[in-house]
Amino acid sequence: MKKLIYLLVLFLFPLFLAAQNGTIKGRVFNRENNEPLPFTNIVVFGTNIGSTSDLDGNFIFTGLEPGFVKLSASSVGFGTYISEEFQVTNSRISYVNIPLQPQSINLEKVVIEASPFRKTEESPVSMRTLGIGEIEKNPGANRDISKVIQALPGVGSTVSFRNDLIVRGGGPGENRFYLDGIEIPNLNHFATQGASGGPVGIINVDFIREVDFYSGAFPANRGNALSSVLEMKQVDGNPEKLLFKGAFGASDLALTVNGPLSENTTFFISARRSYLQFLFSVIGLPFLPTYNDFQFKTKTKINLKNEIIVLGIGAIDQFNLNTKIKNPSEEQQYILNYLPVNEQWNYAVGLVYKHFRDKSFDTWVFSRNMLDNVAFKYRENDETNERVIDYTSQEIENKFRYEYSGRMGTYKLITGLGGEYAKYNSSTLESVFIPVNGDTIRSINYTSGFDLFKYHAFTQVSRELLTGRLILSAGFRMDGNNYTSYMSNPLNQFSPRFSASYAITPKFFVNFNTGKFYQLLPYTTLGFRDNMGELVNKQDNIRYINSTHVVGGFEFRRSRNTRITIEGFYKLYNHYPVSVNDSVSLANKGGDFGVYGNEEVISAGKGRTYGAELYVREKLPGNINLIVSYTFVRSEFTGLNQEYIPSAWDNRHLFNAIVSKEFKRNWNLGLKWRFVGGAPYTPWDLDRSSLISAWEARRQGYLDYSRFNSLRQESFQQMDVRLDKQYFFGKWSLNLYMDIQNLYNFTQDGPPNLITQNDESGNPIVDPADPRRYLMKSIVNEAGTVLPTIGIIVEF
């Protein structure tokens, strides 16, 4: 044994003594025409370590200490650029492309120091950029972009384990997602069809370069959103050699590979497989989810003026009921009684062709995405019985978009157009309770399908004035489709927008944006039919939802590593769809599993959300990073009676604080504390729910919509902690981390669940005073538990 230990030490010792120096290679180029920029000064941001680009714009850094860094680049006639954050490691060479924006030389121009905090002419407010270091090591997020975003100002979160994106009081279906310029319909596994939520993110962050999150001030080339736009940008594959990365995390195993395919083409590909079903089975949860996903990208540099990106992303999700639980609790049995089996798969593939001119470039985007969603449930969960829920649906979109981006003198111009062919089909069988002419159970049973042609055009112009102090940007967008004659006219969906930013001093700015934004209703709403086969929402002449935004605020950059912003916002909604069945705005729905919007609606709802946000980011002495955000938000929508009522997202107070510190020997500790104000909820309609015919139709209670959102939950708080330790060896690296969510085990009682009182055999007890009814009772719906995770990431 001693000899064996001695041999192992001799074998491993050289690995631990291997050089721990990293290398950065990259290229500096003109953003508008892709021409190389020689003799550019490049510096590791925050240090005195520098380099200079050669005649081809290439540069190199060697002998760097591993860790997360940024680069700063400057050249005469160009604006200074600070890159996104990326990781340096000795197991691979880090490659960085630096685009510099041409600027006119003006001796009187106000000198505004370059900042790592991005701000564009089109969106001077309501845009936040996340680097890969912040995503990778965010406490409690487990490398899930959806959870990382929840710490930003204006973004709400739910107590449950879902990733619903609630931005400035808007609903979870008001957001759009882009991956390298290609729109992807889903951000989460087990996605709610028609909305954005789900329990686990679908994006593998191993290849994310940076993320731009817009909670307002949307640029004109991004449409069909009312609350947020999420732009995710990916890295390119390694151009010199194959690299491998494996990760074992909280819920899945992942493998990624990247490298060169040819002299001009690089690639990456990744795959993940979950093991949640085994963990959930061991701890006795009533549902067993399994997910798989893939992601790939190739980039081909045809020549200096032309390049092509091909990418894809997809997922296969399966969801089964754990009917083998012995002696299930009341809560477990309640979930088993109503929850259907769900199977879902989706993908998005696309091609981006970019052509550079002398002072501009063209971007051509072609993509296709598809969602296949299946849900079914057998009565009593017995497959020999009939199905009480049987739902299948497919959404297919084929898209094209052209964009021109360039400079015309002192003006910046972005303009373009696009088209889309969409196909939707569904088959729905569901038992419902109709309290008309006695107690009646009726089946909704219909098939639906339609083809849809969409089209849009956009233009945005920006310019600097007053020697660079004032930046103005104005634009418009028009959308249309052939669903109804009203929607077919793009002028009915004319979407103007205007932004302004004024530098009172080189460190203090006043920013403003206003615009009117439109969003098409989900396909589930457009395709809803009654039992006569009629598209009832088309007959009711539904319209695009629109929302007018007004946002203003201040920005103070105390130093290069500090940013403080204060913003106020007001959003006014019109033509929001309101349910005919319950008279409630669809803005309140979409925060649960299943399907959102498949019901008859009227475009008669209004809404308003307003509030203020504080955001502080600072790097303190001692390698301490601090991020603090606070949001006060009110969210109110009307039903058919046009009375404003607090929505399901009216949390009022949102607070997040993240503190992280880098220690010697590659240790990192992060803490996150969040506070979410109590959300409104609706009490149960006990009279209706206790009817035997009503209960048997769905095995769930019915809400009392006459008292809609009249009650409010208690506030929720949570502390998350994450500890990372990285090892850098000769040709490989190892990252170990421990993440603990809800460290002090705070629990919150959510809206109580309503169940039947059962006898010893588990059968519902009939009310002896009224044989038409069951005896009912409420059970506690407790949320919040300590969730520890250990992760391992190996790269070689």
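Mentor: Two strands count as paired if DSSP finds at least two bridges between them. Please keep in mind that the model before us is predicted.

Trainee: How many bridges join strand β1 to β9?

Mentor: Strands of a sheet pair through backbone hydrogen bonds, either parallel or antiparallel. Here, eight bridges join β1, residues 22–30, to β9, and the two strands run parallel. Within this pairing, isoleucine 24 stands opposite serine 94 of β9.

Trainee: In which order do the three strands form the open sheet?

Mentor: The order is β4-β1-β9, and the pairing is mixed. Both β4 (58–64) and β9 (93–100) are edge strands with a single partner strand, so one side of each has no neighbour in the sheet. From one strand to the next, the twist averages 20°.

Trainee: Let us turn to a single residue. Is proline 751 buried or partly exposed?

Mentor: A residue is called buried under 20% relative accessible area and exposed over 50%. Proline 751 has 25% relative accessibility and therefore counts as partly exposed. This proline is found in strand β43, residues 748–756.

Trainee: Which residues is proline 751 in contact with, leaving aside its neighbours within four places in sequence?

Mentor: They are Tyr681, Gln713 and Asn781. Glutamine 713 is 38 residues from proline 751 in sequence, yet their C-alpha atoms are 7.0 Å apart in space.

Trainee: What radius of gyration does the whole chain have?

Mentor: The chain has 27 Å; a compact globule of 796 residues would have a value near 28 Å, so the two agree. Buried residues make up 55% of the chain, which contains nine helices and 45 strands.

Notes
Residues numbered from 1 in each chain as written. Predicted model: local features only at pLDDT ≥ 70, side-chain atom pairs only at ≥ 80, totals over all residues. Heavy atoms only, no water. Helix = DSSP H or I, 4+ residues; strand = E, 2+ residues; numbered from the N terminus. Axes fitted to C-alpha atoms, helices over the stretch in contact; angles between N-to-C directions. Buried < 20%, exposed > 50% of the residue type's maximum accessible area, 1.4 Å probe, protein only. Contact = heavy atoms within 4.5 Å. Rg over C-alpha atoms; globule rule 2.2 N^0.38 Å.
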